[in-house]
Every structure is written in structure tokens, then in C-alpha cells.
Amino acid sequence: MLRPVSTAPVVRSSGFETYKSRLTVAARAAGVREATIAAVIPYLQQNARVIALDRAQPGGPPNSSVIPPFAPYRAQHVTTDLITRGAARFRSYAPQLAWLEQRFGVEPQVVMAIFGHETSYGRITGNFDLLEVLATLAYEGRRRAFFEEEFIAALRLVDRGTPRSRLKGSWAGATGFPQFMPSNVLRLATDGDGDGSANIWNSEMDGLASIAAYLQDAGWKPGIHWGVPVTVPASLNRASLQSSLVPPRCTQVFRRHSRWLTVREWRQLGVQPTGRSLPDGEMATLIEPDGQGATAYLLTGNYRAILDYNCSNFYALSVGLLADRIAAGR
């Protein structure tokens, strides 16, 4: 097996060279083949660009209450181009998407919207060497346990026959049309085109089927929309609607959601859908991403499945809104 030639900036670090011994021990303990270990780990280099990009991620004070407006993010991610190209694919793949919906119970327009959001429908999947990225991020140490596990998962992909040259992706370690982390490739990559293999790097249908499998695994409830825009009366007592639930992760994200009420109960409080609605008995939570007096949404449990893909309210809302526009064809 030939190692790929890296053109990315590297950091020559004796600490990283020592750290590779730790990766070797971990890989052996996980049962990775010696041939794979020998072909990969000795040649790993620390990628300076990955470190710079990781350290440039927005953070802010842990208890900050400052929230940027949603509208600019929405304008960037629910564009005419993404809507037009997504709607065209939605029409051309209609039979295959109907099959996906029957198999996984997931709204196919949401699957298509995630494909568009993640990679611009396959145009931008990333060209970083995945194993180098994961080793670099693991060594950096901010989320060492997570990235070490993903590095081992990437080695397992090589063990399973995935060519090293195919393992390209984002600076954060996501790969393929669904932008899966390696552990999710192992667990959820799905054959969507019927050729007997799940190739999320070259087959759009395999990528779409894998996204649908992910959402199903995250708890998607068939037949229920992700959410709807609503009007909220100025008199709504928001303090009485604060959620007392303590989320196990993404605390800041879920803090912006109200407590759960049925759609019927929301209507009784004067919260009214502006277009399509949801079943009266369905449980929903309220979010006002730009504060009181601006656009608001009632969100179902299926919104939580989108959040599982990327735990950001702006991400999940823009996916849902893009999906609605794709399904409408405009």
C-alpha cells in the first residue's frame, strides 16, 4: 500500500512523533491489522492548517447571552442556487427518494437539504487527508478521546478495503457526500443504488441513503414534519414556558427551546402556524431565533434528529427551511 504524498503544511514535532506510538498501541488494542498500522502511522504528519482552522472556531464566553441574528445565516444557507439545484435533484430522483422514504420513514426533502447544506450536492466534500487530520486533532488534545476513536475507525475503513486515497474530507474529519465521521461510515453507510456496496464518496444515492439511515437512527418519526413557522402574540408569557429539562449535550442549543406542549395547546395560547400546520396532538417546542417579535417556529421531535446531525439551531433551521423550498420547487 503506497502512502499518499501530502502537500498540506506540516508541523515537525518531536511530541507528535512520540504521540504516534500511542496511536500504534491504541490501534493494536482495537484489532487493526499490522499491515494497516505499518502503512499509515509511521508516515503521519501534523497538519498546521488543521490546527489553525480548529483554533479559529467561534467560541465566546461559556455563559454569554449574546446570540447572533439568524437571518444572515439563513441567507447564506438557503440560497436560490441551493433551492434550484436541490429541487432539480428532488424531481430527477423522485422514484429513488420515494423508496428511501418507504424504507427509512424520513422526509426525502430533508435528506436532500442536508446533502445540499453539507457539500453543495457533492461539489465540496473536502480534500484533507482524513487520517492526518484525525491524528492532528487528537494530538492537539481539545477533544482527544473523540478524535482518537475516529482515527481508529478510519483505520478500520482501510482494513475493510477502503482505499487510503478515498479517505479525504473536511479539516474536522468528516468525509463523503454525507460528511460522516469515520465511525458513522462504519455504522450507517448504506447501499442506496443497489450495487451491493455503500460508496458514500462516489454514489449520490448511497450518500442520500446514508443520510436517511442516520436520521432514522437519530429517532426520526415517520409522517411528521420537522416544524412550521408561527406567529406569536405579544402577550405570550414566555417565562412560564421555559423548559426545566437538562440536556445531556449542547446545552446552549437546547436552552433556546421552550417546554413541550401539544400543538393544540400552542393554538390555545395564540401561537398560530402561518402556512402548513402540524397534528393537534403532536408535541412541539417553540423557538424564536431572532428574539421576540420576529420569526418563530414550532419544532417537533424530528427537528431534534436534524440537531443530532449537527447540534446548531441555525444549522437545523436552515436545513428544514431549505427542505421546504426544495419540496415546493422554488
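## A walk through the model

Lys20 touches Ile41, Pro42, Tyr43 and Leu44, leaving aside residues up to four places away in sequence; a contact here means heavy atoms within 4.5 Å. This lysine sits in helix α1 (residues 14–29). Helices (H or I, at least four residues) and strands (E, at least two) are DSSP runs, numbered from the N terminus. Is Lys20 buried or exposed? Lys20 counts as buried because its relative accessibility is 6%. The cut-offs are under 20% relative accessible area for buried, over 50% for exposed, and partly exposed in between (1.4 Å probe, protein chains only).

Before going on, a word about what you are looking at. This is a predicted model, in which local features need pLDDT of at least 70, side-chain atom pairs count only at pLDDT 80 or more, and totals for chains, interfaces and linings use all residues. Residues are numbered from 1 along each chain as its sequence is written, and side-chain values use heavy atoms, with hydrogens and water left out.

The score pLDDT is the predictor's confidence in each residue, from 0 to 100. Its mean for the protein is 93, and 93% of the residues reach 70 or more. Residues 1–7 stay under 50, and the model has eight contacts for them beyond four places in sequence. Residues 59–64 also stay under 50, with two such contacts.

Now find the disulfide, a pair of cysteine sulfur atoms within 2.5 Å. The structure holds one, and it joins Cys250 to Cys311, with 2.2 Å from S to S. The pair links distant parts of the chain, 61 residues apart: Cys250 is in the loop between β5 (227–231) and α12 (251–255), and Cys311 is in the loop between α14 (301–309) and α15 (313–328). Cys250 counts as partly exposed because its relative accessibility is 23%.

Helix α14 is worth a visit too. Its buried residues are Asn302, Tyr303, Ala305, Ile306, Leu307 and Tyr309. What covers them includes α7 (108–119), α11 (204–217), α12, β9 (296–299) and α15.
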